Amino acid sequence: MALYEHVFLARQDLSQSQVDALAATATEIVEKNDGKVTKTETWGLKSLAYKIDRNRKAHFVLLNIEGPGAVVEELERQTRINEDVIRYMTIRVDEHESGPSVMMRKNERDRKRRSDREERD
């Protein structure tokens, strides 16, 4: 089975529950096509480097996928149709990261720095 990382950006005006529903829909699509989602991470609402379709921010979601190429084709086709997704990217990887992704580790590191700063003040 091939391994993929699929990241999509959802519109900024969606609630967190709607973003979770988008991730659940993507998981269903993968599982219907004989694939498996091994990890789902929601990175939260982040600022974009430039405006995309009048959005300055977006909800970022990562899916680690195991499956044949047909899974990715169908997932990307369905994602392209969805108006709530403003960008997506799927890449093939040799192996999935174990534990949290780099983005999640960065968030934890930033939170720790903020709490350290507040303790000094």
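Two strands pair if DSSP finds at least two bridges between them. Helices (H or I, at least four residues) and strands (E, at least two) are DSSP runs, numbered from the N terminus. With that rule, strand β1 (residues 2–11) pairs with strand β3 (residues 55–67) in the antiparallel sense, over 10 bridges.

The model is predicted: local features need pLDDT of at least 70, side-chain atom pairs count only at pLDDT 80 or more, and totals for chains, interfaces and linings use all residues. Residues are numbered from 1 along each chain as its sequence is written, and side-chain values use heavy atoms, with hydrogens and water left out.

## The sheet

Four strands form an open sheet in the order β2-β3-β1-β4, with antiparallel pairing. β2 (36–52) and β4 (85–93) stand at the edges. Each has a single partner strand, so one side of each lacks a neighbour in the sheet. On average, neighbouring strands are turned by 20° against each other, direction ignored. Axes here are lines fitted to C-alpha atoms, for helices over the stretch in contact, and angles run from 0 to 180 degrees between N-to-C directions.

β2 and β3 run antiparallel and are joined by 11 bridges. They form a hairpin with two residues between them. In the turn, Asp53 has a positive phi of about 50°.

Which residues stand opposite each other in β3's pairings? Val7 has Leu62 as its bridge partner in β3. Arg11 stands opposite Ala58 in β3. Gly44 stands opposite Phe60 in β3.

β3 is mostly covered, with 10 of its 13 residues buried. Buried means under 20% relative accessible area, exposed over 50%, and partly exposed in between (1.4 Å probe, protein chains only).

Helix α1 (residues 16–32) lies across β1, β2, β3 and β4, and runs at about 130° to β2. Helix α2 (residues 69–81) lies across β1, β3 and β4, and runs at about 170° to β4. The expected span of a helix is 1.5 Å times one less than its number of residues.

| Helix | Residues | End-to-end C-alpha distance | Expected span |
|---|---|---|---|
| α1 | 17 residues | 24 Å | 24 Å |

In α1, the buried residues are Val19, Leu22, Ala23, Ala26, Thr27, Ile29 and Val30. Seen down the axis of α1, they fall within an arc of 160°, so they line one face of the helix. The arc is that of the directions from the helix axis to the C-beta atoms. On the other side of α1, Ser17 and Lys32 are exposed. What covers the buried residues of α1 includes β1, β2, β3, α2 and β4. Contact means heavy atoms within 4.5 Å. Asp34 follows α1 and has a positive phi, near 65°.

In α2, Val71, Val72, Leu75, Glu76 and Thr79 are buried. Seen down the axis of α2, these residues fall within an arc of 120°, so they too line one face of their helix. They pack against β1, α1, β3 and β4. The face turned away from the buried side of α2 carries the exposed residues Glu73, Arg80 and Ile81.

Is Asn55 buried or exposed? Asn55 is buried, with a relative accessible area of 6%. Its place is in strand β3. A polar atom of the Asn55 side chain lies 3.1 Å from the backbone oxygen of Asp53. A polar contact is a pair of N or O atoms within 3.5 Å; within protein, one must be able to donate a hydrogen and the other to accept it, and residues adjacent in sequence count only if both atoms are side-chain atoms. Leaving aside neighbours within four places in sequence, Asn55 is in contact with Arg11, Gln12, Leu48, Tyr50 and Ile86.

Lys39 lies in strand β2. Lys39 is buried, with a relative accessible area of 17%. Leaving aside neighbours within four places in sequence, Lys39 is in contact with Leu62, Leu63, Asn64, Glu97, Gly99, Pro100 and Ser101.

Glu73 is found in helix α2. Glu73 is exposed, with a relative accessible area of 60%. How far apart are Glu73 and Ser115 in space? Glu73 and Ser115 are 43 Å apart, C-alpha to C-alpha, and 42 residues apart in sequence.
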